[in-house]
Amino acid sequence: MLPVPLATPGLRDRGYNRAWVLARGLAAEFRRPADAELPQRNLRAAFMVDPRRRARLQGRRVALVDDLMTAGATAREAAAILPRAGAAAVDVWVLARKPED
């Protein structure tokens, strides 16, 4: 279980990443590992996989967890990097979705 990384301003405002709280709880419920540091945002607000943790992804199916999806661009971008880093499959699990206007 991997949380969608939170941009620094959001983390600073809230003090915690809600997606990590959800991912950690789901991981415990399903008895699966969770890692808050594997996907990260780089300085341009794009996503990257921590090179030191790539081995953990190799051939694994991962769940990318987010608390709220708006347009879906963040989840789409974060999910796209995981197969390139070795994940066999990526599922996106979202607690809530913002309705379209």
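**A helix and its surroundings**

Mentor: R18 is partly exposed, with a relative accessible area of 34%; buried means under 20% relative accessible area, exposed over 50%, and partly exposed in between, with a 1.4 Å probe and protein chains only. This is a predicted model, in which local features need pLDDT of at least 70 and side-chain atom pairs count only at pLDDT 80 or more, while totals for chains, interfaces and linings use all residues. Residues are numbered from 1 along each chain as its sequence is written, and side-chain values use heavy atoms, with hydrogens and water left out.

R18 belongs to helix α2, residues 18-30; helices (H or I, at least four residues) and strands (E, at least two) are DSSP runs, numbered from the N terminus. The helix α2 contains 13 residues and reaches 18 Å from its first C-alpha to its last, close to the 18 Å expected at 1.5 Å a residue; the expected span is 1.5 Å times one less than the number of residues. At the start of α2, the backbone nitrogen of A19 has a side-chain oxygen of N17 within 2.9 Å. After α2 comes R31, with a positive phi near 55°.

The buried residues of α2 are A19, A23 and A27. Viewed down the axis of α2, they fall within an arc of 70°, so they line one face of the helix; the arc is that of the directions from the helix axis to the C-beta atoms. An α-helix has 3.6 residues a turn, so residues three or four places apart point the same way. On the face of α2 turned away from the buried side are the exposed residues A28 and E29. The buried residues of α2 pack against β1 (2-3) and β4, where contact means heavy atoms within 4.5 Å.

Of the 9 residues of β4, 7 are buried, so this strand is largely enclosed by the rest of the structure. Strands β1 and β4 run parallel and are joined by 2 bridges; two strands pair if DSSP finds at least two bridges between them. L2 has L64 in β4 as its bridge partner, and L64 also stands opposite V92 in β5. Between β4 (residues 61-69) and β5 (residues 89-97) there are 8 bridges in the parallel sense. From β4 the chain passes through helix α4 (residues 73-84) to β5 in a right-handed β-α-β crossover: with the strands pointing away from the viewer, the path from the first strand over the helix to the second runs clockwise. D66 is bridged to V94 in β5. The C-alpha atoms of D66 and R18 are 7.7 Å apart in space, although 48 residues separate the two in sequence.

Beyond the helix, D35 lies in the loop between α2 and β2 (39-41). D35 is buried, with a relative accessible area of 6%. Its side chain makes a polar contact of 2.7 Å with the side chain of R56; a polar contact is a pair of N or O atoms within 3.5 Å, where within protein one must be able to donate a hydrogen and the other to accept it, and residues adjacent in sequence count only if both atoms are side-chain atoms. A polar atom of the D35 side chain also lies 3.2 Å from the backbone nitrogen of L38. Leaving aside neighbours within four places in sequence, the contacts of D35 include W20, M1 and L2.
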